[in-house]
Amino acid sequence: MNGRRCQVVTLIAVVAATVPLAAQRQTVESAAALERWVAAVDGHTPGKPDASIEYATSIAYSGRVDLHTAYLLFIRVLRDETVVARSDMDTNVIEQARKVRTNPGPAAFLKRAAVLHTDALIFADRFPAPKDDAPAPLPRVVRETVDGFTSVARRTDAVPPLLLNEWITLTRDGELVGSTKADWKIPFARSLLDVLLRLPVEGSEKPAAFVGEWYHAVAAFLFARGDFADAGPHLEHGARVLPDNPHVLFDLGTGAETYGLPVYQVVFDDPAVRKPGMRAGLPSENKTNADAERAYRRTIAVDPAYVEAHVRLARLLERRGQIDEAASHIDSALAAKPTGVPGFYAYLIAGRIASTRGRFDEALHHYRSALGLYAHAQSALLGASHAALMGADLPAALKPLVQLARDETPDADPWLDYQLGAGRDSTALLEALWRRVARR
Amino acid sequence: MVWRLTLVLTSVLVLQTFSSRTLGVRVDVLVMDGGKPVAGLTAREFELRDNGVLQRVEILDAMDVPINAVLTLDTSASIEGRPRLDLIAAGEALLDRLKPIDRASLVTFDHAVTPAIALTDDLPAVRNALRNINPNGRTSVMDGVYVALTSTVDQPGRFLLVVCTDGADTMSWLRPSEVLEASKRANAVVYSVTTSDGRRSEPLKHLADATGGQVLQISSSRDLRSAFERIVAEFRSRYVLTYSPEGVAPGGFHRLEVAVPKRRVTVKARAGYVGVEGARRP
């Protein structure tokens, strides 16, 4: 986590560019691409950077076009739709799909395939990136946002995930530093799980449980590496397909809330954003905070005991001047006696709310409770110092700063990551996912 | 050396001892005429109102009062390379202009605030720490300024707080409004040097207005040295007014108005201070 704060770039926003759909006629190349893909899915050990991952990370755009052509027919067979072979290559593809239907079966295959491409993103750095042989992006569709900045149409679901060819913006500490290609692996995995959700349920396990776990684990992974450009569509799509999953709703709120933080909002002030043709793709603080508030309220409606949602909603409401309701939510959260990082954050927000109300003794009490959990956290030390200073208690104001001066672990503040949506153990969530697939 | 904040307070907030004789409020005042400091004014030429009540002021001989320079420097990853070298050179130029009675301290900030060197007359130690700054991480300007400001509240002397940042505040826990409130309880003139403009430098502008300082906008790190030199020169040309408040309640916020009525000059001083009634002492 600390390394992420120091890394050169984080990702935000999407610059859309679409490509025309490829022709649907099967070719020797498309059938071969499908065969390789099916073999990779079958051979992959979840959570391991094996030969299947090496293959999955090596697929260039042209390879994805071939795979896409065969994949459309393959999926129809997997869904048990009636298809008619019009060529030998069609027959080849249909035969491959029928084998998969028989063993391991559509549901198991789709889960494994989704995990293969998720792992491909996770382990991508271990393998050489394929040559970018994608065509030049189409001219951007420019529109004006409500904030007055030039923007472009965002990616649409009309673009098949295998054919995604988009740019995303890179920022570092609030400055634009360049752009790179958006990830296609997670969108492709999402589309596979969309198919899974529409399959007839077999056995006792509902596909939605696995899909919900997958969305939550991937969101944690994307947050942990500061990849908000790819997280945005992921979270929005997740909330569409699983509208009652509290983790998915909570993650959607967290993503939106993070965009409202200074580290992203200051990008608006970068002169480069105002240049003609440049887009922000970044919502204003008001809009993204409203989105986050809505998502947290939905989370709480689904699961009233979701402590983190109460805490984060309280932070937003305080920020938006709704202090009494903020206090009510933070009281609900503290009543549950949260521990660990969520507990720390709850005390931190409680301190801020008390401070905003001018209750500096109460604020100091909350900040000290936070320090009881993480004694070296700079945020709580400064909060405690400030509350004491405002309460005219000079010795108490100086004491936390003495601690800060002595502190040789200045990064030991969970708030630094947690406020950015990260801070939860994405590895543990992914490992649970891998175990689920491995059992099949 | 590691910063140690003393808990043995010799004075409280704005009420301090000066030259071992006067207990009162001290106000650093800059008088400018056409961009140049005006020298030679007498106490009678100043009008100082504390919460609207005219006060009788004295001018302290600034030579008697040591300058405490608090260097508050952005060491986030973006200063890597040339900006780092320019920042070190600027800091050293500032230290070069301090006198033997003066002291200095160093606070650095990226996303973490490091009180690197406590207030000391061992300027080579400050210089050494300056040369070892290591760019890293994100930017917590307000948190850094708060730590620097708070380090002044229990110390006598004149405090010149020089904040230098090349970017926007992205990671502070404390909000600009909270740090602004803290500045009213501290005793420092805040000068900021920044390459940022517009909204990004607004919190620094508000701090400068509240403390009687200034924001110097520069276009590149090459201008840092001259900016730091100018700040010290300007600070030395300030008048140090003192008075014992009369006709006003001691507690709460005291709005200050300083003027030189008979001259067509620009006067810059802190906007006010928070009185100390009810303050808890060690």
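Start in chain B at the hairpin of strand 4 and strand 5, where two residues sit between the strands and Asn51(B) takes a positive phi near 50°. Helices (H or I, at least four residues) and strands (E, at least two) are DSSP runs numbered from the N terminus. A bit of housekeeping: this is a predicted model, with local features needing pLDDT of at least 70 and side-chain atom pairs counting only at pLDDT 80 or more, while totals for chains, interfaces and linings use all residues. Residues are numbered from 1 along each chain as its sequence is written, with chains lettered from A and ligands numbered from 1 in the order in which they are written.

Now pick residues 47–50 of chain B, which is strand 4. Strand 4 runs antiparallel to strand 5 (residues 53–55) of chain B, with three bridges joining them; strands count as paired if DSSP finds at least two bridges between them. Which residue of strand 5 is the bridge partner of Arg49(B)? Leu54(B) is. Leu48(B) and Asp50(B) form the covered face of strand 4, with Glu47(B) and Arg49(B) on the uncovered one.

Stay in chain B for an open sheet of six strands in the order 9-8-7-10-11-12, with mixed pairing. Its edges are strand 9 (113–120) and strand 12 (214–217), each pairing on one side only. Neighbouring strands of this sheet are turned by 15° against each other on average, direction ignored. Select strand 10 (residues 158–165) and strand 11 (residues 188–194): they run parallel, joined by seven bridges, and Val162(B) stands opposite Tyr191(B) of strand 11. Then bring up helix 2 (residues 123–131) of chain B, lying across strand 8 (103–109) and strand 9 at about 160° to strand 9 (axes are lines fitted to C-alpha atoms, for helices over the stretch in contact, and angles run from 0 to 180 degrees between N-to-C directions; contact puts C-beta atoms, placed from the backbone, within 7 Å).

Last stop: chain A, with 20 helices and five strands. Zoom in on helix 17 (residues 378–390), where 12 of the 13 residues are buried, meaning 20 or more other C-beta atoms, placed from the backbone, lie within 10 Å of a residue's own. Among them are Leu381(A), Gly383(A) and His386(A). Just after this helix, check Ala392(A), which takes a positive phi of about 60°.

Notes
Expected span 1.5 Å × (residues − 1). Contact = placed C-beta atoms within 7 Å.
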